[in-house]
Amino acid sequence: MPTLVSVPALAEDDDVLAGVPDEYRHYFNGRPPVPFTKRHWEFPGEPRSIRLCRAFLDTCAASRDGDFRYVFSLLGTELATNALRHSRSGEEGQTFVLKVIRGANGLTLVCRDNGRPTNGRPDGGRTLAPAPMAGDRLTAESGRGLALVDSFATTWGDNGHPSIRKVWFHLAYDMTGSSWPAA
């Protein structure tokens, strides 16, 4: 089993929290959340938003065990990073949204980005598919995000629309369908 590293808590005076109104700071405090069915947040399309994303995801999963919390935050951060790197959401002044839906058997995360970047993409914004992880790709520093989602999520997919893309995954509380326990 991999060693888990906890998500560092955001300090109240952290500049990443600067745009968060006081009444929503509990979305990012890392403590078990007030009961919710759906929770969402629109993040600035900046790399520094990833810390805020991790705090948001970790808080949404705070009432679960360490493995679930870690995997949920890891996979959600991968989708947020992809939104910044591979869509218009990473361009100046753009945003992306993370929406968490709590169900009876697990959490579902939907990441909505602003679609194909203005400079275009070689694949034309087709439906997403994970690249197989073999050889050097297993130890690569980047390019493994969707392969991780494919492996560790119970199920996942995307809406296939290049203009406003929604990529989602579901992680069952007992992690059924995830290869995480076998990692």
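Here are a few notes on this predicted model, point by point.

1. Ground rules. Residues are numbered from 1 along each chain as its sequence is written, and side-chain values use heavy atoms, with hydrogens and water left out. As this is a predicted model, local features need pLDDT of at least 70 and side-chain atom pairs count only at pLDDT 80 or more, while totals for chains, interfaces and linings use all residues.

2. Confidence. The chain has a mean pLDDT (the predictor's confidence in each residue, from 0 to 100) of 84, and 78% of its residues reach 70 or more. Residues 121-127 fall below 50, and that stretch has 12 contacts in the model beyond near neighbours in sequence; contact means heavy atoms within 4.5 Å. Where pLDDT is low, the predicted coordinates should not be read in detail.

3. Helix H1. Helices (H or I, at least four residues) and strands (E, at least two) are DSSP runs, numbered from the N terminus. Since 10 of its 12 residues are buried, H1 is largely enclosed by the rest of the structure. Buried means under 20% relative accessible area, exposed over 50%, and partly exposed in between (1.4 Å probe, protein chains only). Among the buried ones are Ile50, Leu52, Phe56 and Leu57. What do they pack against? Strand E1 (38-44), helix H2 (66-86), strand E2 (95-102) and strand E3 (106-112).

4. Aromatics. A search of the whole structure turns up 14 aromatic pairs. Rings of Phe, Tyr and Trp (its six-membered ring) pair if their centres lie within 6.5 Å; planes under 30 degrees apart are stacked, over 60 edge-to-face, and the rest tilted. Tyr24 and Tyr27 make an edge-to-face pair, 5.4 Å centre to centre with 75° between the planes. Tyr24 is partly exposed at 34%, whereas Tyr27 is buried at 13%. Ring pairs link both into a cluster with Phe28, Trp41, Phe43, Phe56 and Phe96.

5. Charges over rings. The cut-off here is NZ of Lys or CZ of Arg within 6 Å of the ring centre and within 35 degrees of the ring normal. Arg39 has its charged end over the ring of Phe36, 4.7 Å from the centre. For Arg64 over Tyr173, the distance is 3.8 Å.

6. Pro181. This residue is in the segment after strand E5 (166-172) and is partly exposed, at 47% relative accessible area.
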